[in-house]
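Me: I would like to learn how to read a protein model. Could you walk me through this one, step by step?

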Amino acid sequence: LISLDVRILAVCDVYDALISRRVYRDAWTHERAMGLLHEESGTSFDAKCVAALERVLSRERTPAAAAV
């Protein structure tokens with residue numbers, strides 16, 4: 001059994017890696033990265049962790065959150 005903290009870290013690490021520019025590829029959009037996480041949700045990634053990341057990011061990406 002993989003501990004919760006490791007499952008959370010896996011989802012966040014992959015998301016960050018995908019949306020970050022690398023010398024060998026351009027950064028993915030948020031939508032594309034979340035699409036991959038959703039595709040792999042329940043198999044490669046804990047579905048609850050993917051859903052939690054999406055909730056957190058949706059709050060951070062709203063214009064109202066940026067003004068605070």
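Me: Let's start with a single residue. Does V11 count as buried or exposed, and at what relative accessibility?

Reply: Keep in mind that this is a predicted model. V11 counts as buried because its relative accessibility is 0%. You will find V11 in helix α1.

Me: Which residues is V11 in contact with, leaving aside its neighbours within four places in sequence?

Reply: V11 is in contact with L37, F45, C49, V50 and L53. For another kind of reading, take V11 and R32: they are 21 residues apart in sequence, and 14 Å apart in space from C-alpha to C-alpha.

Me: Which residues make up the largest nonpolar core?

Reply: The general idea comes first. In soluble globular proteins, nonpolar side chains tend to be buried together. Here the largest nonpolar core has 11 residues: V11, Y15, L18, A33, M34, L37, F45, C49, V50, L53 and L57. The most come from α3, which gives four residues. Apart from neighbours within four places in sequence, L57 is in contact with Y15, H30 and M34.

Me: How do I read the packing of two helices, and at what angle do α1 and α2 pack?

Reply: Look at the angle, the distance between the axes and the residues that touch. Helix α1 covers residues 4–19 and helix α2 covers residues 30–40; they pack at about 145°, with axes 9 Å apart. The crossing of α1 past α2 is right-handed. On the α1 side the contact is made by V11, V14, Y15, L18 and I19, and on the α2 side by H30, A33, M34, L36 and L37. Sorted by class, this contact has nine nonpolar residues, one polar residue and no charged ones.

Me: How many disulfides does a search of the whole structure find?

Reply: A disulfide is a covalent bond between the sulfur atoms of two cysteines. In this structure the search finds zero of them.

Me: Do C12 and C49 count as buried, exposed or partly exposed?

Reply: C12 has 33% relative accessibility, so C12 counts as partly exposed. C49, at 9% relative accessibility, counts as buried.

How values were computed: Residues numbered from 1 in each chain as written. Predicted model: local features only at pLDDT ≥ 70, side-chain atom pairs only at ≥ 80, totals over all residues. Heavy atoms only, no water. Disulfide = S-S within 2.5 Å. Buried < 20%, exposed > 50% of the residue type's maximum accessible area, 1.4 Å probe, protein only. Axes fitted to C-alpha atoms, helices over the stretch in contact; angles between N-to-C directions. Left-handed = near helix turned anticlockwise from the far one by under 90°. Contact = heavy atoms within 4.5 Å. Nonpolar A, V, L, I, M, F, W, Y, C, P; charged D, E, K, R; others polar. Core = buried A, V, L, I, M, F, W, Y, C linked by side-chain atoms within 4.5 Å.
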